[in-house]
Every structure is written in C-alpha cells, then in structure tokens.
Amino acid sequence: MNYDVVVIGGGPAGMMAAGRAGELGARVLLIEKNDQLGVKLLATGHGRCNITNARADNKQNNGIYGPNSKFLFSAFSKFGVDSTIKFFGDLGIDTMTEENGRVFPSSNQASEVQLALIKYLEKHKVEVMLGGEVKEIVATDKKIEKIILKNNKEIIAKNFVIAVGGKSYPGTGSTGDGYDWLTSLGHSVNAPRPALTSVVVKNGIARQLEGLSLANVGLGVYQKNKKVISDRGDVIFTFNGISGPAIIDMSSRIGGLLPAPLTLRIDLQPEIEAGELENKIQKDFHSANKIFKNYLSELVSPKLVPVVLRLTKISGDKRINNISKAERKALVRALKEFTLEIDRLSGFEKAMITAGGVDVKEFDPKTMRSRMIDNLFLAGEIFNLDGPTGGYNLQICWSTGYVVGSSVIPGER
C-alpha cells in the first residue's frame with residue numbers, strides 16, 4: 001500500500017493534517033487505532049468542544065505555552081485563531097465567543113465538530129483506516145521506509161506524520177506510543193507529565209472540604225518558603241486534593257517543580273491586605289459580643305468553619321470580645337494563608353493534556369518537519385508544548401496540523 005502521506009493518529013491534529021494534505025491533492029491514508037475518529041475531541045469542553053480561544057495566537061501572551069512558545073509563532077501566522085474560526089465556518093459550524101475568549105460551536109455539541117472534520121476528510125478523498133495499530137516504524141539513512149501494523153501489514157509512503165497525542169486520557173487512545181517511536185528514531189523526548197489536572201495534597205483537610213467551591217481566591221505555590229507560582233481564580237476541593245480552573249491552569253507549572261517539597265497557600269480574602277483585615281476584625285471584635293463560630297460563618301463558608309477553628313485553636317464558643325491579639329493574628333493567617341502541602345498531581349487518567357514531549361528544537365517550526373528524519377512530520381500534543389485551559393491546546397492542534405498538511409507535499413504551501 002503506497003501513499004503520498006500517511007498520518008498516524010485520528011485526533012484533531014491528525015484530521016487537520018490529513019484533510020489539508022488531501023485538499024492539496026495528496027493521496028493520504030489516516031490511521032486511527034480506535035473504532036472512530038476524534039474520540040478525545042468529543043470530551044473537550046465538557047462535550048461542547050472549546051474549539052479555540054480568541055487570545056490563543058496573541059504574541060503578547062509570549063510564554064503561555066511554556067518555554068517553547070516561540071516555536072508556534074510561524075504556525076499561528078499561517079493558521080491562527082481567525083483562520084480556525086473561518087475554517088469551521090466554511091464547514092458549516094457557527095461559533096460563539098464566551099468569557100475569557102473561549103470559542104465554542106453555537107450548537108454546544110463537540111460531535112458537530114467531529115462530523116464536520118470527517119466530512120472534510122471525505123471531501124478531499126482521505127482514506128481512513130480505523131482499528132489500525134502501528135507496531136513498528138522502519139527507518140534507514142534518515143528516512144522512514146515503512147510502517148508495520150500489529151496485523152503485520154506494511155504501509156509505504158513518501159511522507160509520514162505522527163499526530164498521536166500524549167498520554168492524557170489513555171482511555172481515548174493516547175497511550176504515549178509516539179514517544180517510543182520517536183526515541184527509536186533518534187529524537188529527544190522530555191519526560192511526559194500530566195498537565196491541566198487536579199492537585200493531590202497531603203493534608204487530611206481536603207477530604208473534610210470535598211465539594212467546597214471558592215470563588216476568585218488568591219493562590220500561591222511556595223518552595224522553601226519562596227513564592228514560585230501565583231494566580232487567582234476559582235477552586236474546588238476534591239476527596240484527596242483541590243481542583244477547579246485556577247488549579248488546573250497552574251498544574252503544569254507545579255508538575256515542573258515536583259518532586260521538590262511544595263506548599264499551596266490560599267488567600268481566602270484577596271481583596272484586602274493582611275493589616276487591613278486584622279484592623280477590620282479587631283473593630284468587629286470590639287463592637288459585638290458574638291460567639292466566635294457564628295462570627296466566623298460570616299467570613300467564610302460554613303464548611304470551612306470547623307477547619308479554621310482547628311487551625312487557629314480558638315474555641316468556637318468563645319466570645320469574640322474575649323479573643324486575644326495572638327488569636328486574632330492566627331485567624332488572619334488562616335484566612336490569608338490557608339496552607340496545603342502538595343503531594344503530587346493527579347495521573348494521566350485525569351489530565352486534560354500532557355506536558356513534556358518531543359523536543360521542538362529538532363523540528364522546523366515553518367513546516368513541522370524533522371531535522372533528523374527527512375520524511376517525518378509531527379503535529380499536535382506530542383510536542384513539548386502545553387497551554388492553559390480554554391481552547392489554547394486545540395489551537396496548537398489546528399495550527400500545527402494545517403502547517404503539516406500544507407508542507408508534506410514539496411512545492412505546496
């Protein structure tokens with residue numbers, strides 16, 4: 001079986017690469033080991049498919065994709081956010097932009113995006129092989145000769161594209177196969193780690209607070225008592241840790257620091273400085289004679305009250321006008337520096353994406369072609385690139401996939 005292009009991986013990056021190459025006249029085979037294309041795509045945006053983000057290609061966000069962000073500049077210039085929205089519009093998908101720049105299909109259905117991409121492949125005569133698992137990639141003299149499937153079928157092509165994603169959500173087929181293949185071909189792989197995931201903490205506090213949501217709190221990650229990461233946003237406690245949009249966005253940076261000892265400090269009152277908060281509490285204590293636990297329930301969620309009582313070691317039945325200066329300062333610390341000891345990140349099974357991956361320095365950012373294997377291209381999550389939640393990571397897939405599809409046939413751009 002001989003093709004111009006073989007794309008391994010039928011996710012968003014693979015479908016874009018295959019469809020674009022077919023659009024330019026290439027004979028393309030797209031191989032997917034699942035029994036349908038775009039399985040992981042269906043889970044994005046909680047089933048709504050957060051196609052992109054209005055800010056995803058903004059160079060002023062330099063660094064948002066990690067230390068290798070500049071690798072994407074060329075791809076974004078060729079196929080950025082506006083191109084993505086137009087591309088899907090031409091496929092019949094209207095979009096809407098929500099808060100924080102998140103772009104969704106107006107139908108709120110990820111399946112609409114999946115079907116539109118499948119029709120795009122059909123229109124440009126891309127051959128699709130479902131249930132096809134690659135066993136081996138055979139290369140000699142800086143060139144891939146063929147791939148061998150698990151059923152021992154051999155496939156020959158002029159060019160090969162690997163777009164199999166990382167290791168996140170392994171149930172969708174992302175099991176890290178591509179890292180092994182690329183290592184065997186001589187490429188460097190930065191250790192993959194979970195990203196956009198929840199954080200597991202050592203303190204037993206989390207279990208007591210399971211289900212508690214906190215809106216717009218301040219967050220700081222400390223290493224040796226020095227703040228190394230900071231953010232602000234919404235969080236939610238889980239049975240063994242903490243999650244929510246702000247934590248998920250911080251998780252990649254946290255993972256890059258582990259296994260070093262780290263603590264997470266939550267500022268439950270971020271709108272007011274510690275000194276001002278203490279003055280306010282002092283005035284409250286002198287102007288009323290409430291029981292402390294009742295006063296505390298006016299400051300924090302009722303679910304937090306017993307935890308704060310334990311942290312401050314103040315009796316809940318104590319009258320607030322009898323609380324000492326030392327106890328007052330302990331309360332301020334508990335409200336401004338609610339501390340959790342970080343254990344680890346949740347595993348790949350809960351991670352939205354994979355951080356780490358194939359070293360971008362070994363690929364041409366203008367074409368996504370390997371600098372070591374002449375007929376090898378990469379697209380999507382397999383690269384050592386990762387962005388925050390909100391459509392940023394899908395934009396990597398669309399942009400790199402489009403560039404690959406436009407580059408695999410010599411003379412076509």
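This is a chat about a predicted model of a protein, going from its overall build to some of its parts.

Q: How many helices and strands are there in the protein?
A: The protein has 12 helices and 18 strands. This is a predicted model.

Q: What does the C-alpha trace span along its principal axes?
A: About 85 × 40 × 35 Å.

Q: And what share of the residues count as buried?
A: Of the 413 residues, 54% count as buried.

Q: What about contacts, how much comes from residues 24 or more positions apart?
A: Such residues account for 73% of the contacts with a separation of 6 or more.

Q: Let's take helix 11. What length should it span, and what do its ends show?
A: Helix 11 covers residues 325-336, which is 12 residues. At 1.5 Å a residue it should span 16 Å, and its end C-alpha atoms are 16 Å apart, so the two agree.

Q: Which residues of helix 11 are buried?
A: Glu327, Arg328, Ala330, Leu331, Val332, Ala334, Leu335 and Lys336.

Q: What covers them?
A: The cover includes helix 8 (274-287), helix 9 (292-299) and helix 10 (305-312). Strand 15 (262-267) and strand 16 (338-345) are also part of it.

Q: Which way does strand 16 run against strand 15, parallel or antiparallel?
A: Antiparallel, with 5 bridges joining strand 15 to strand 16. Leu262 stands opposite Ile342 in strand 16.

Q: How many bridges join strand 11 to strand 16?
A: There are 3, and strand 11 (residues 199-201) runs antiparallel to strand 16. Within that pairing, Val200 has Arg344 as its bridge partner.

Q: What holds strands of a sheet together in general?
A: They pair through backbone hydrogen bonds, either parallel or antiparallel.

Q: New topic, strand 12 and strand 13. How many bridges join them?
A: 9 bridges, and the two strands run antiparallel. Leu214 stands opposite Val235 in strand 13.

Q: How many residues sit between the strands in that hairpin?
A: The hairpin of strand 12 and strand 13 has 2 residues between the strands, and Lys224 takes a positive phi near 50°. Asn225 also lies in the loop between strand 12 (213-223) and strand 13.

Q: Is Asn225 buried or exposed?
A: Asn225 counts as exposed, because its relative accessibility is 60% and the cut-off for exposed is over 50%.

Q: How far is Asn225 from Leu262?
A: Their C-alpha atoms are 8.8 Å apart in space, while the two residues are 37 residues apart in sequence. Leu262 is the residue that stands opposite Ile342.

Q: Where is Asp231 found?
A: In strand 13, residues 226-237. Asp231 counts as partly exposed because its relative accessibility is 29%.

Q: Which residues does Asp231 touch?
A: Leaving out residues up to four places away in sequence, Asp231 touches Val217, Gly218, Leu219, Ala246, Met250 and Arg253.

Q: What does strand 13 do at strand 14?
A: A hairpin joins strand 13 to strand 14 through 3 residues. The two run antiparallel with 2 bridges, and Ile236 stands opposite Ser243 in strand 14.

Q: How many bridges pair strand 4 and strand 5?
A: 3 bridges, in the antiparallel sense. Thr97 stands opposite Val103 in strand 5.

Q: How many cavities of 30 Å³ or more does the structure hold?
A: The structure holds 1. About 60 Å³ of space lies in the largest cavity.

Q: Which residues lie nearest the centre of the largest cavity?
A: Asn58, Asn61, Ile64, Tyr65 and Phe73, out of 12 lining residues. The lining divides into 6 nonpolar, 5 polar and 1 charged.

Conventions: Residues numbered from 1 in each chain as written. Predicted model: local features only at pLDDT ≥ 70, side-chain atom pairs only at ≥ 80, totals over all residues. Heavy atoms only, no water. Helix = DSSP H or I, 4+ residues; strand = E, 2+ residues; numbered from the N terminus. Expected span 1.5 Å × (residues − 1). Buried < 20%, exposed > 50% of the residue type's maximum accessible area, 1.4 Å probe, protein only. Contact = heavy atoms within 4.5 Å. Pairing = 2+ DSSP bridges. 1 Å grid on protein atoms, 1.4 Å probe; cavity = no way out; pocket = protein on both sides within 12 Å on 5 of 7 lines; lining within 4 Å. Points joined across faces, edges and corners; volume = space filled by probe spheres on them. Nonpolar A, V, L, I, M, F, W, Y, C, P; charged D, E, K, R; others polar.
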